[in-house]
Amino acid sequence: GGARRWTLNDFEIGRPLGKGKFGNVYLAREKKSRYIIALKVLFKKELQRANVEHQLRREIEIQTHLRHRNILRMFGYFHDESRVYLILEYAPGGELYKLLTSQPHKHFTEEASANYIHQLASALSYCHSKNVLHRDIKPENILVGTDGEIKIGDFGWSVHAPSSKRETVCGTLDYLPPEMVEGRAHDKTADIWSIGILLYEFLVGRPPFETQSYNSTYDKIMRCEYTFPEHVSSGARDLIIRILKKDPRARLPLDEIIVHPWVAQHVPQEK
Ligand SMILES: Cc1cc(Nc2nc(/C=C/c3ccccc3)nc3cc(N4CCN(C)CC4)ccc23)n[nH]1
C-alpha cells in the first residue's frame, strides 16, 4: 500500500529526465521490487522562497488519490531535511510537446488529435467527477505512456472546485480562458476551454491566440479571435468553435466532446 515510509535509500537513481522550476526529475528504480519510477526532487528552500508549500501539499493530496489511465500516478512521497521527493509513474514515451514539435508538419494528424482529445476529456471528466480542477492543461504537462496513450501530470495548479484562487498566473496566457485571464472566479469549464486550445494546437502546431506579446494575446483571448489554416477539417473546426466560447456556460460539456461526430469517426468506440 502507498502508506509505507519511503526513504531515498529505497531507490537507485538513474539519469535526469528533466529540470523543473523547483528541482529535477530522475529516472529511478525501487530496489526490492526493481519497479521503475520517476522521482521528482524539490528543494524545500526553493518551495519556501516561492511560498508554494501549500500548493505542493494540495498537489500531493489530489494526485495520490486519482486513478485513471490518462492521469500520471503519484505513488507516494517522502522528505529529508532539505528536499521533498515525489514518487511518480514513469511514462516511457516522453513529453507530448516534443512529439508535437518532431512531427513533419509540426502538427498531429486529425486521427491522433481526436484520440488525444478523447483521452484528455475522459481524464478531465474523471477529475471533475471528484470535484478536482486541473487548471494547467498544456502540452508541457502531458506525457506519453507505453501504448502511446497520454498521461496528464503536474497537478501543481489543481484545486477543488469552484475556486476563485488568484495565485499569480505565471508563464503563458495561451491556455487560460477569459475568466481566468481577468482573475475572475472560474470552475470546471476553465478546463474545457483549455482542451479546446490543446485540440487547436495538436491540429495546427501552435495555440490559437499566440502572438508576440502578452498584451495582444490577452486581447485575442478576451475577443475570442482566431482563424483556422486551410488543412483543418470542418468537423474539427465545428468542435473547436463549440468549445472556445467566451461564455463558460456555452462551452460544450466534456461528455458531449467525447461523443462529438468528429471524435467518434476517429476513435474506436469500444473504449
Ligand atoms: C514525471 C515523469 C517523467 C516521465 N518520463 C519522461 N520525462 C521526460 C521529461 C520530464 C521533465 C520533468 C521536469 C521538467 C521537464 C521535463 N522526458 C522523457 C524522455 C523519454 N525519452 C524516451 C523516449 N524518447 C522518444 C524521448 C526521450 C522518456 C521518458 C521521459 N515519466 N514520469
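Let's start with an open sheet, where three strands, 3 in number, sit in the order β6-β8-β9 and pair antiparallel. Keep in mind that this is a predicted model. Which strands are the edges here? They are β6, residues 94–95, and β9, residues 150–152, and each of them pairs on one side only.

Now look at β8, which covers residues 142–144 and is joined to β9 by 3 bridges, with the two strands running antiparallel. Next, find helix α4, residues 110–129. Helix α4 lies across β8 and β9, and it runs at about 35 degrees to β9.

Okay, on to the ligand. Around the ligand there are 16 residues, and those that come nearest are Leu 17, Glu 89, Ala 91, Pro 92 and Glu 95. Two of these names are worth a second look. Glu 89 has a backbone N or O atom 2.8 Å from a nitrogen atom of the ligand. For Ala 91, a backbone N or O atom lies 2.7 Å from a nitrogen atom of the ligand. And how much of the ligand does the protein cover? On its own the ligand has 660 Å² of accessible area, and the protein covers 67% of that.

Where does this shell come from? Strands β1 (11–19), β5 (83–89) and β6 each supply at least two of its residues. β1 gives the most, with 4 residues.

Thanks, everyone!

Notes: Residues are numbered from 1 along each chain as its sequence is written. This is a predicted model: local features need pLDDT of at least 70, side-chain atom pairs count only at pLDDT 80 or more; totals for chains, interfaces and linings use all residues. Side-chain values use heavy atoms; hydrogens and water are left out. Two strands pair if DSSP finds at least two bridges between them. Contact means heavy atoms within 4.5 Å. Axes are lines fitted to C-alpha atoms, for helices over the stretch in contact, and angles run from 0 to 180 degrees between N-to-C directions. A residue is near a molecule or strand if one of its heavy atoms lies within 4 Å of it. A polar contact is a pair of N or O atoms within 3.5 Å; within protein, one must be able to donate a hydrogen and the other to accept it, and residues adjacent in sequence count only if both atoms are side-chain atoms. Accessible areas come from the Shrake-Rupley method with a 1.4 Å probe; for residues, only the protein chains shown count as cover.
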